[in-house]
Amino acid sequence: MSALLEVKGLKKRFAGNEAVSDVNFVVNAGECVVLAGDNGAGKSTVIKMISGVYTPTEGEVYFDGELLTGNTPEGVRNAGIETIYQDLSLADNLDPGLNLYLGREKMKRVFGVPFLDRAAMRKDAADVMRSLGIEVPDPSAPVRDLSGGQRQAIAIARAIHWQAKLVIMDEPTAALGVPEQREVMALIHRLKEKNVGVILISHNLPDIFAAADRIIVLARGVVGGERKPSDTNDEEIVRLMMGATSDYDA
């Protein structure tokens with residue numbers, strides 16, 4: 001199987017401080033790879049290098065066989081990678097359809113005058129959410145009235161609507177209740193069924209084991225180990241996250 005995403009030797013320095021060093025991993029289509037690690041482990045720095053926010057000090061990122069390094073965030077999105085940050089980048093005062101098309105709104109003309117085509121955008125939102133098994137009681141209601149799990153679902157639906165091949169999710173269950181956490185995990189599995197690759201950033205052990213096909217553990221900016229959930233347990237992942245053990249120890 002050819003990798004959808006290849007991360008090769010990524011390194012990032014900030015004013016002489018090496019935040020990330022020699023990070024390597026792959027993500028295949030239809031696979032969820034979890035980047036696990038405690039706060040400050042380097043997870044967000046790695047993701048920002050993939051998504052075009054940061055330029056690596058060293059190393060390269062390939063996507064669909066093409067060099068991705070050096071692209072802007074917009075170029076990365078156009079290539080087929082959507083990053084869903086913790087703030088979700090939703091406009092709370094707008095409905096799901098308008099959030100789906102935020103910055104790329106559908107227009108219609110009435111007697112030559114352009115208007116937002118709200119009906120078309122709401123229909124498209126309803127179609128993509130239905131395909132993901134997402135239920136929103138009132139598609140015309142502003143997203144501020146929705147639950148945390150429903151808001152996550154809209155952000156995921158937006159990524160799918162714009163034909164993302166890889167979705168990066170930054171701590172998607174943070175501040176969610178248990179039922180909503182389960183909804184997000186179910187959505188991740190639906191993405192995989194659609195052959196979408198997923199990178200999940202998390203330090204939450206239940207989320208890690210519920211979602212991952214493979215776990216990449218970062219500690220102090222380096223990869224401490226890679227595991228399949230079936231080949232490890234909570235205790236080993238915690239030790240790797242704390243940097244107490246590593247596959248690369250002498």
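Two strands count as paired here if DSSP finds at least two bridges between them. I kept that in view throughout, and I note that the model is predicted.

Entry 1, strand β3 and its neighbours. I looked up how β3 and β10 pair and found the parallel sense, over five bridges. In β10, Ile201 is the bridge partner of Leu35. I then turned to β11 (residues 214-219), which pairs with β3 (residues 32-36) in the parallel sense over four bridges. Here I noted Val217 of β11 as the bridge partner of Ala36.

Entry 2, burial of β3. I checked whether the residues of β3 are buried, and five of its five are. I sorted them by face: Cys32, Val34 and Ala36 lie on one side, Val33 and Leu35 on the other, and both faces are covered.

I traced the strand order as β6-β9-β10-β3-β11-β12, six strands in an open sheet with mixed pairing. β6 (81-84) and β12 (222-227) are at the edges with a single partner strand each, so one side of each has no neighbour in the sheet. I recorded an average twist of 20 degrees from one strand to the next.

Helix α6 (residues 178-193) lies across β3, β9 and β10 (197-202). I noted that α6 runs at about 150 degrees to β10.

How values were computed. Residues are numbered from 1 along each chain as its sequence is written. This is a predicted model: local features need pLDDT of at least 70, side-chain atom pairs count only at pLDDT 80 or more; totals for chains, interfaces and linings use all residues. Side-chain values use heavy atoms; hydrogens and water are left out. Axes are lines fitted to C-alpha atoms, for helices over the stretch in contact, and angles run from 0 to 180 degrees between N-to-C directions. Contact means heavy atoms within 4.5 Å. Buried means under 20% relative accessible area, exposed over 50%, partly exposed in between (1.4 Å probe, protein chains only).
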